[in-house]
Amino acid sequence: MTIIIEIHYISASGNKVLQQGEFKLTGRKKPEQLALDFWKQIQCDLPYGGEIQKVIAAGENITEKVMELEKTPLD
């Protein structure tokens with residue numbers, strides 16, 4: 001199954017930005033994990049960081065799930 005993930009964020013310079021991509025749901029990965037991986041990839045290109053405003057996956061708002069997952073330490 002393929003889903004579209006949209007990440008709305010504000011860059012360090014104050015610009016509102018939307019980036020989206022199409023991702024395959026493979027194995028046991030959930031949409032929020034894919035979105036977090038996408039967000040981390042975006043952050044690599046942002047020299048001064050950014051702040052998530054909204055995350056949409058397959059038409060569903062998953063912002064809270066992604067933000068909680070981002071705060072969770074890796075095992």
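A salt bridge is defined here as a side-chain nitrogen of Lys or Arg lying within 4 Å of a carboxyl oxygen of Asp or Glu. The structure is a predicted model, in which local features require pLDDT of at least 70 and side-chain atom pairs count only at pLDDT 80 or more, whereas totals for chains, interfaces and linings use all residues. Residues are numbered from 1 along each chain as its sequence is written, and side-chain values use heavy atoms, with hydrogens and water left out.

A search of the whole structure identified 2 salt bridges. In one of these, the side chains of Lys29 and Asp37 are joined at an N to O distance of 2.7 Å. Lys29 is partly exposed at 39% relative accessibility (buried denotes under 20% relative accessible area, exposed over 50%, and partly exposed the range in between, with a 1.4 Å probe and protein chains only). Asp37 is likewise partly exposed, at 30%. A salt bridge also links Glu60 to Lys65, with an N to O distance of 3.8 Å; Glu60 has a relative accessibility of 43%, and Lys65 a relative accessible area of 43%.

Helix α1 (residues 31-44) and helix α2 (residues 63-71) have axes that come within 9 Å and cross at roughly 70 degrees. Helix α1 is therefore roughly perpendicular to α2 (angles of 65 to 115 degrees, with under 35 roughly parallel, over 145 roughly antiparallel and the rest oblique). In the contact (heavy atoms within 4.5 Å), Glu32, Gln33, Ala35, Leu36, Trp39 and Gln43 of α1 meet Lys65, Val66, Leu69 and Glu70 of α2.

Definitions and conventions: Axes fitted to C-alpha atoms, helices over the stretch in contact; angles between N-to-C directions. Helix = DSSP H or I, 4+ residues; strand = E, 2+ residues; numbered from the N terminus.
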